[in-house]
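Visitor: Please take me in close on one part of this model. Keep it brisk, and give me the cut-offs as you go.

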Amino acid sequence: MSTGKHPGPSARYIITGSFLLLLYIIFLLVSYYRNTTALQGASLRQFQLDVAHKASTLEYFFLERKYDIRALADSLEIHTYFINLNMGMSRQYGLQVSLFAIQKRMNSIIADKTIGTRAIYKEFALLDENKQVLVSSGIPGQQRDTSRHSWKFSVNDGCKEPELVIRRNRHGNELALIVPCLFKEKVVGWVVAWLQPATLYDHFLVPTPSLSSKVFYLTLADGSRVNPPGTDPGILPWKKLQNFPASSNHPRRFSIRDAQGQPQDYLMTRVQVHPFSLYLTAIVKAREIEGNLKTWQFVVAAAAMIFLILAGLFWAIRANIKHLVLAVRFDESRKQHHILTEKNILLKDEINRRQRAEQYLLENTERYRKLFEFSSDAILILRGSTIIACNKKIAKLLKLKQEMIPGLTLAALSPERQDDNNNSKKELRQKIDRALDTPQHFEWLLKTADGTLLYTEINMSAILLKSGTIIQVLIRDITERKQTQELLVQTEKMMAVGGLAAGMAHEINNPLGVILQAAQNIVRRLGTDLQKNHTIAESLGMDLERMQLYLDSRKVYSYLNSIQAAGERAAKIVQTMLEFGRSNKTAEKESCNIHTLLEDALTLAASDYDLKKTYDFKKISISRDYDISDEVYCARTEIEQVFFNIIKNAAQAMAANKDAGKIQSLQVRTKNTGDKVIITISDNGPGISAATQKSIFEPFFTTKPVGEGTGLGLSVSYFIITSHHNGRITVDSRPGVGTTFTITLPAGKEEKKTAEQTSMAES
Amino acid sequence: MNIHPAPARIQRIVCMVSIALVVAVLPVSAEDLDTVLQSGTLKHLAIPYANFVTPDKKGLDVDLMHAFADYLGVRYAFVESTWSTIISDLIGKQIKVTGNNVSIIGSTKKKGHIISTGFTILPWRKKIVSFSRQTFPSGIWLIARSDSRLTPITPTGNISNDIKMVKKKLAGVTVLGLQGSCLAPSLYGIDKTGAKLRFFPPENDLEEMIPSIIAHNADATLIDVPVALVALTRWPGKIKVIGPVSQPQEMACAFSQDSPKLKAKFDVFFQQFKKSGQYRKLVEKYYPSVFTYYPDFADQ
């Protein structure tokens, strides 16, 4: 109440002082309020960050589990099982082994995948397409309680990627990952992996520090909890919270009464764990974030300060003390935030580093795989003597499927014996042993899937890897080079022997003429036909008629006839030998139709007395397969002679098989390639051994009995084709199957000059 | 001993007398337990074969024989042989096998005391050597290359019916076997099925029979169950089991018939070895998958 007096200076001073004090106190209270609000905001953000980081860690954990189960579903063991099943193998005969291998792999994953010493996985199972258990991890032969494995209702048939399934059973909640097994792009089964909920909870959900009131739950989209038994904090009436929005990132406040009937405020936030429909829910007491002082308490305190200035000072001091407590908590919270941020950065760096390493590894692997796969050389990789990898080139070379080669030995791809008759297996073992010390380079015979032999050049060298020593084998096909070398040697040999034969024939021809002429003269001068013989005999007192009787009785004429016959045969051989010495100009060349020449040779063979009578040529079945007609510039008689020689040899060879009841068959084919005409004459006779094939064109080489063949027919043919016509003649034979002669002649109506002839003409 | 029957009675008598004379003049030296203990060495006859005896002289049978030598208190010696000579190396007599019959045709040097090499008990072998108790279960399966036109049978629950089903598929099929061993096709009547038989060289490692069919040298091969189990994991997806061609078989150690004490000693040792659990550990080491088909055999 006003007394009408102004307050005295001391009162004014007091009032002013009190007003100023009041303003000061209000200023302090406003400052306090702002600091408290800032602290609460920071604590709340820290709480949300904490939950978000924990959810990221869980995402990474589940991502790794996803890779684990995908790797198992794509593993060789499971793939092999479905291959074997697809081939029709039964469990009784073989499939049981595949299931054993899968079980071994499952047990190995359970043992290897741990956090500290605690296993991440509880169990694995492989289900068939009807969701029935084929095999599960554990001791071989022991099966689990199969009632637990009725997964039909849980498996989404359309899914291709690992899915997380949570279901409640009598033991509590089970967390399992399910992934389909694909074979030939079809779902043929499922792999199920049960996680250890206790390991997951202890490592990721138990809050630190333990004094905090924070609790974490793993929940599904419908809000149901999946914490393992015994780990549920159980402080909350959960049903009340189930309607909380699943995707909300904003903390929600709610209040419930504690055991003493006092209301307690809580804050709750929920973050999704991608990519599954799984959520991390965190709940904390509100006072841990906001402090003990509520807003209404602050208003009461402020009013008390205003009305009780002095007492307000006291309350202000008290409030400042609380402020200090909150500041300490804020500092602590900020430190934790800082630590978590650093950990998060490290985790992200680690994830990035791993992703870069994986990418580099993939690119590197792809690069070296392509270098290996598309190498122009055939490459094999050996471990010991077993092939563990190969490229496409070797598969093409050996005419095998590429995937069939690993697991074999190089010896299995070689003939039993090499060209030098050494045992392939022993020889290879020695080469591999030596290659471990020094690179080996050698020539080697390989056998293709159809039995063809390949001459190859092999470079073998050891490579030391962390997993042990492997041997790299580079293989180069030199069959064509070998054949060319052999042909060159053969031609050189033929030219040398041919020249020698021609020289010898020339030297023998003169004395042979003397022998034949002398034998003829002896016969003439002993005969009774010449009057001069009678005259000289009478002058010497001899009776020519009686001498004739004497010569007959002593078979002198028979001996003389033998001399003449042998001489004539030798002359014929000499005549043939002289053919070697003749030049290209000896026979006139003209443009001839090759089919006409073949038909002429066949007609000649059909009318040949020896072939007709001795070898029954008419009974031979002759088939013709002629290409479009073409002209060849050649000496008609020489080429006909070559064809006749080959046909005659074929008829003689097939006659040897006549007793076996085999129909004798002669096939004559031609092929026109534009610049060449290729003629093949094949029979189904007994065939020729490899040794005989090597010498078949050599002069005087014959397999016929003495007196039946001169061994010159094919030699002359060889010279006619190669020397007189710039062609080529080869033989290919398989004992028991037959023989094929292949003649290649240049096509054209005029003679094609060789490069040498052309240059001479130009100069 | 069962002598191969001859058509004529006189021939039979002459044959028996000649064999009796050959046996009588052979230098018989009993390599029984006393000789082994006296020499101080147990000579183990074996052939590299799957995980029974590996090429580097290790394996289930090598470990078993080491344990037996330790039990006897003697040294262990490995003596390598071949499928065509191993019985002769044990009994010191040359033999000729015809189907399920065997005859003695001469003498040779004894080289070992005991055969332990995944050795199957066969009727003709029982006539010429003594077998220990069973050491390993077996049987013969027909294995084909994965791309072969042969298809696996569907088991009927009766092995005799399963065998008939397998044999029906063999007409015109090239089948690989090994004469003089448990893989001889004639032992199981494969030679009467119309199959084209091919014989693997006896000096080669039998483990190469599977690579041989993969390399198209034959359509299918006979192989015993333990080797087939290993092969299925070694060449996954490249081979398939068509089905059985024999009734269940047993493998055991073989002794010369004049070594009864050595055989008896081995039987006692083996019983103790199994009881102690050591044999099961050895089998788990070399043939872990065998328990999928024979879960209790190592404890029996």
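**A core residue and its surroundings**

Guide: Leaving aside residues up to four places away in sequence, B:I143 touches B:I210, B:A220, B:T221, B:I223, B:A228, B:A231, B:I239, B:V241 and B:I242. Contact here is C-beta to C-beta within 7 Å, with those atoms placed from the backbone. The model is predicted: local features need pLDDT of at least 70, side-chain atom pairs need 80 or more, and totals for chains, interfaces and linings use all residues. Residues count from 1 along each chain as its sequence is written, while chains are lettered from A and ligands numbered from 1 in written order.

Now widen the view. B:I143 is among the residues that touch the most other members of the largest nonpolar core, which has 170 residues. Also in that group are A:V191, A:L280, B:W141, B:A220, B:A228 and B:A231. A nonpolar core joins buried Ala, Val, Leu, Ile, Met, Phe, Trp, Tyr and Cys through C-beta atoms within 7 Å; buried means 20 or more other C-beta atoms within 10 Å. Helix α1 of chain A, residues 9–73, contributes the most to this core: eight residues. (Helices are DSSP runs of H or I, at least four residues, numbered from the N terminus.) Another core of 39 residues lies apart, including A:C634 and A:V642.

Next, the contact between the chains. It draws 25 residues from chain A and 29 residues from chain B. On the chain A side, α2 (76–86) and α3 (95–112) each supply at least two residues. The largest share, five residues, is from α3(A). That side of chain A has 14 nonpolar, 11 polar and no charged residues.

How values were computed:
Two residues are in contact if their C-beta atoms, placed from the backbone, lie within 7 Å. Ala, Val, Leu, Ile, Met, Phe, Trp, Tyr, Cys and Pro count as nonpolar, Asp, Glu, Lys and Arg as charged, and the others, Gly among them, as polar. A residue is buried if 20 or more other C-beta atoms lie within 10 Å of its own, exposed if 12 or fewer, and partly exposed in between; C-beta atoms are placed from the backbone.
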